[in-house]
Amino acid sequence: MISHFSKDFDQCAVWLTTEYSAISAGRVHPGMLDTLRIEAYGVPTLVSNVASITIEDPRTLRVSPWDKDHTKLIEKELQEGGFPWSVVADSAGLRVIIPQMTEDGRKKIMKHVGSIHEEARIRVRKVRGEANDMIDTALKAKEITEDEAKKYKEEVQKMVDKANGKLDEIFAVKEKDIMTV
């Protein structure tokens with residue numbers, strides 16, 4: 001009855017990992033631009049779908065759009081998106097230069113990382129609420145007994161605890177990554 005909610009809980013961890021992949025503390029990786037979108041061909045499109053993103057040196061990414069018309073769009077998004085890096089256009093595309101992080105910068109990033117972690121926990125609570133509502137509806141419709149409802153709610157709580165544990169692990173890895181650069 002509630003087994004399909006397991007996938008929903010797993011999706012919360014996937015979402016958190018994806019969000020964290022765009023956050024860096026001075027080390028570059030192509031995943032930093034995974035969530036960046038531009039208006040290409042009339043639809044919002046991931047930059048990774050219209051350009052190759054490679055590491056040029058330890059603090060620089062190279063973004064090479066396949067269609068040169070996208071260069072200005074990507075450059076504008078990188079500059080106006082509130083990112084702490086500088087962007088330089090050249091004949092091969094764009095160079096995204098990531099500055100060295102200060103201790104204050106790391107603390108700011110950790111605050112942001114913490115807020116994303118909390119958002120993921122909120123998503124878990126929402127899935128728990130949906131599962132419990134389904135159990136309550138089934139109980140009211142007399143499709144399950146009170147004992148079964150209690151058992152299902154305990155199973156849902158175990159899934160919540162497991163999901164929150166996974167989120168905490170992902171957070172701890174990201175925190176270590178940011179604070180030990």
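Q: Which residues is Leu 78 in contact with, leaving aside its neighbours within four places in sequence?
A: This is a predicted model, in which local features need pLDDT of at least 70 and side-chain atom pairs count only at pLDDT 80 or more, while totals for chains, interfaces and linings use all residues. Residues are numbered from 1 along each chain as its sequence is written, and side-chain values use heavy atoms, with hydrogens and water left out. Contact means heavy atoms within 4.5 Å. Once neighbours within four places in sequence are left aside, Leu 78 is in contact with Leu 33, Leu 36, Phe 83, Trp 85, Val 87, Leu 94 and Val 96.

Q: Does Leu 78 count as buried or exposed?
A: Leu 78 is in helix H2 (residues 70-80); helices (H or I, at least four residues) and strands (E, at least two) are DSSP runs, numbered from the N terminus. Buried means under 20% relative accessible area, exposed over 50%, and partly exposed in between (1.4 Å probe, protein chains only). Because its relative accessibility is 0%, Leu 78 counts as buried.

Q: Which residues does Glu 75 touch, not counting residues up to four places away in sequence?
A: Glu 75 also lies in helix H2. Its relative accessible area is 13%, so Glu 75 is buried. Not counting residues up to four places away in sequence, Glu 75 touches Val 87, Ala 89 and Leu 94.

Q: Which residues have the most contacts inside the largest nonpolar core?
A: A nonpolar core is a set of buried Ala, Val, Leu, Ile, Met, Phe, Trp, Tyr and Cys residues joined through side-chain atoms within 4.5 Å. The largest one has 31 residues. Helix H1 (5-21), helix H3 (103-140) and helix H4 (146-179) each supply at least two residues of this core. The residues with the most contacts inside it are Phe 9, Leu 16, Tyr 20 and Val 113.

Q: How many residues does the other core have?
A: Another core lies apart from the largest one, and Leu 33, Val 47, Leu 78 and Val 96 are among its residues. Its number of residues is 19.

Q: Which residues is His 117 in contact with, beyond its neighbours within four places in sequence?
A: His 117 is placed in helix H3. It counts as buried because its relative accessibility is 10%. Beyond neighbours within four places in sequence, the contacts of His 117 are Leu 16, Tyr 20, Leu 167, Asp 168 and Phe 171.

Q: What is the distance in space, C-alpha to C-alpha, between Gly 105 and Ile 178?
A: Gly 105 is found in helix H3, and with a relative accessible area of 15% it is therefore buried. Ile 178 is one of the buried residues of H4. In sequence the pair is 73 residues apart, and in space, C-alpha to C-alpha, the distance is 9.8 Å.

Q: How far apart are the end C-alpha atoms of H4?
A: The expected span of a helix is 1.5 Å times one less than its number of residues. H4 has 34 residues, so it should span 50 Å. The distance in the model agrees with this, the end C-alpha atoms being apart by 48 Å.

Q: Which helices are included in what covers the buried residues of H4?
A: Among the buried residues of H4 are Tyr 152, Val 156, Leu 167 and Phe 171. What covers the buried residues of H4 includes H1 and H3.

Q: What is the phi of Lys 142 near?
A: Lys 142 lies in the loop between H3 and H4. At 73% relative accessibility, it therefore counts as exposed. Its phi is positive, in a residue other than glycine, and is near 60°.

Q: Which residues are the closest to the centre of the largest pocket?
A: On a 1 Å grid over the protein atoms alone, a cavity is a set of points where a 1.4 Å probe fits but cannot get out, and a pocket is an open set with protein on both sides within 12 Å along at least five of seven lines; lining residues have an atom within 4 Å of a point. Grid points are joined across faces, edges and corners, and a volume is the space filled by probe spheres set on the points. The largest pocket has a volume of about 390 Å³. Of its 18 lining residues, the closest to the centre are Ala 22, Ile 23, Phe 83, Pro 84 and His 112.

Q: Which helix supplies the largest share of the lining of the largest pocket?
A: The largest share is three residues. These come from H3.
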